[in-house]
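Dear colleague,

Please find the structure below, together with its sequence. My notes on it follow.

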Amino acid sequence: MAADLVSTFETALDGLAVTHERTTAAELPAAVRRAVVAPAVGAPLPWDDLTLDGSGVNLSPTAGELRDAATGVTAAGAAVASEGSLLVQSRPGGDELVSVYPPRHVAVVRAGDVVADVPAAIGWLGDEFAAGRRSAVFATGPSATADMGELVEGVHGPGAVHVVTVAEP
Amino acid sequence: MTARRETAARLHRLVEDEGDAVYANTTVHNAGRVAVNASWDRYEANRARARAIKEDAIERLPELLETLEAAVTANGGHLYLADDAADANDYIAGVCRERDAETLVKSKSMTTEELGVNEALAEAGVDVYETDLGEFVVQVAHEQPSHLVGPAIHKTTEEIADLFNAVFEPDEPLETAEALTDFARDYLGERIREADVGMTGANFVLAESGSVVIVTNEGNARKSAVTPPVHVAVAGIEKVIPSLADLPPFVELIGKSAAGQSISRYVTILTPPTDSPMVDFDRPDEGLAPADREFHLVLVDNGRWAMRDDGTLRETLYCVRCGACANSCANFQRVGGHAFGGETYTGGIATGWEAGIEGLDVAGTFNDLCTGCSRCVPACPVKIDIPWINTVVRDRLNRGAPPGAFDPLVEGLVPDAEPGGLSAQKRLFGDVGTLLRLGSATAPVSNWLAASRPVRAVLEWAVGLDPDRPLPTFRRRTFARWFAGRDGGAARGASKESASDVVLFPDLYTNHVRVERGRAAVRALEAVGCSVSISQPLESGRAPLSQGMVATAAERAERVFESLEPHLDAGRDVVVVEPSDLAMLRREYERLLPGPAFDRLSGRAFEVGEYLRRCLDEGADADALGAGDGRAVAYHSHCQQRTLDLEGPTVDLLERRGFDVTTSAVECCGMAGSFGYKAEYAGLSRDVGAPLAEAFGAVDGVLAASGTSCAEQLEDLLGRPVVHPVELLASGDGRRT
């Protein structure tokens, strides 16, 4: 079931021109190191069993480092298989800023956190609300605009997105 | 007269200056919406759910606002309920003053356009920067948004490049959309990083948690909300829904409806003040600091409580501002929101917003551009009956007109339930039945007069009839007289046991003008085994309804029902040839007839193609209908027919009989009943019809249309005859009868 959802999720990502890979908990730091364009900043992952230590990502950036970063690395608390959406929460570690400022966003998703569709994702978010975590964005593909007469990707938010899915142990 | 010419000239100018860009953008988004919704099986279920949530939320608004206030306060934010624009602007200026704010960055918000926040803050000494790229273009150009979602859709890439090159004088002149986007992102990125206050709108406000939901594609709302230490969110009170659990249908619908996106790029749910740390780009060497944020939610009345109490305008409050009504509107696609819009809002739903917020007079400046074609009805994700809002506002405008405005020439001709203040033009077109009867009774004299230049000049002067539009040719021998001449008008016995007993409703265009399609309908129905009677020829009420004459339309509806009731009692199904009249019986009569009468009639009324296919489905012999033998047919079904999802049956019939059918995705032919005959709109009507004429002009074959006005438009634009499809199906050899 979870494997099917991850496949569906990856198909949706393909449709959004979002690149993706699968890895394991042990391999995560190395995978992230390969996926980022330096300089990279990040927000600490919220899970005890996963870490960005060893990935070379700066997890406590200054304002200037945030402004100048080429890549931002964050967790996505959940992901929507049908749409390819990442749920990035507003956390004290700076996930919101890190996911929106740099031109490249690398998101870490746990395979078990991929849910089927938007209603399921909002159900998941309802549990988070109950736990006091009540701000999140459904980020789906790169930022985009058609306001200049044709579709351009990479506006105020990232122009490139890469997803690293971590298989369940 | 002069006013009509001025209107025509103004519309023509807008079509010339902005029409191509508006057309390109709206039709792409419209086609995207149609495609994505067709690929999705939960569209109708989600619409029904979204509608129910909005109805409930507006009903319970006082209670929801109390819940919301408690939540926002508990979160550590401030809720301000503003009575009107001045009240809201004063509060926002006060927040800026408190923080000694010099600059404010804004993400896109129509409500702040309505309030004139930018001007009010400029007076208070605060520099405001629009960060949505479309809004930025409009701000730099000192123009008004031309669309709810795409404020700058009236500009081409080249025009934006010229604007930016002139205003910003970049080292390298900007040319491409990509270069323009990069430039705007860098310029606005600096403004965001240095701003003291960030302002956003809110697409939805969740009462239970005090959250705001902001839908964007660019990412500017997230940056504007979270970079400065102060976030001010501004929205109308109607944006409040109960809780997060009510959000799914809206998240699923809004991107699809707006632009054919399965989901918008960023659906941001913020419950401010959020936990995101503070960032100060003026101190680049300092790290991110623990959250210490200020949040103000400003909810605006500005006429909305009164709209809530207004039986018709209330529905406007369900609007999610997706712009689908504009994108699906043939007139809007040509003129854009600078003509089809008021002080702030644009497109079909703008009539409701502007009538409620600014007043009837503002709604009256563009309300005529809604022809009632109804193509926005299936497009609206919250099922708002936008044509009905336009009709009722038109009725109120008619009743509000000064009593001296009527014209005695027309007044005597058409007594009805309408006020004397009604314009002569609306009165004339609203009682087209009288004209058609007189036209037939006096044909061919009426046709000679209709073609006479001096007569047409008088008609233009007196009632605003466009002098260059050919008028329909009145027929001396009406359809009803032809029918009466057959067997003394008795229904011919059915040839088969399975026969259906039907009554054909002779709409007035079939009866007086396009008699052949009536005869063909009778023959085709009889060919598949129906026993056909006809009812009394009556005007359905469509004509007065389209002029905003609701009382007259209701009278007509009652007469039509009375004339059809004995036939329903006798077990007959009602078959209608003219789609605009069928749509009255099936859709609009719900507003005009008592419920049981509407239910009874609408359940038994059928479009002729729909009914013929039904007969085939029930076992009638398809070979009894004309064969196409591969002949090409370019078929334009009628707008109101398509809203009832009734294009398919006719296309299916033609294809089953071997015709090679080409259809059109054009939303409306542009004639739209009387619209294209009016002096001030005839030019626009032809412009709207041009893409259809171009597509069909290239087809080497028969031209067919189900609606009278579609046929008249195509005949005028292409100079070729146009038949009703039933004329192709009625004869044994598939040729026009």
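The buried residues of α2(A) pack against β1 (19-23), β3 (71-75), β6 (104-110) and β11 (160-166) of chain A. Here a residue is buried if 20 or more other C-beta atoms, placed from the backbone, lie within 10 Å of its own, and residues are in contact if their C-beta atoms, so placed, lie within 7 Å. Helices (H or I, at least four residues) and strands (E, at least two) are DSSP runs, numbered from the N terminus.

This is a predicted model, in which local features need pLDDT of at least 70 and side-chain atom pairs count only at pLDDT 80 or more, while totals for chains, interfaces and linings use all residues. Residues are numbered from 1 along each chain as its sequence is written, chains are lettered from A and ligands numbered from 1 in the order in which they are written.

Helix α2 of chain A spans residues 28-35, and its buried residues are L28(A), A31(A), V32(A) and A35(A). They lie on the same side of α2(A), because they cover an arc of only 95° around the axis, taken from the directions from the helix axis to the C-beta atoms.

Chain A has five helices and 11 strands, and buried residues make up 58% of its 169 residues.

The contact between the chains takes 40 residues from chain A and 54 residues from chain B. On the side of chain A that touches chain B, α5(A) supplies the largest share, six residues. Four bridges join β8(A) to β9 (residues 266-270) of chain B, and these strands run antiparallel. Within β9(B), Y266(B) is the bridge partner of A139(A).

Yours sincerely

Definitions and conventions:
Buried ≥ 20, exposed ≤ 12 C-beta atoms within 10 Å, placed from the backbone. Contact = placed C-beta atoms within 7 Å. Pairing = 2+ DSSP bridges.
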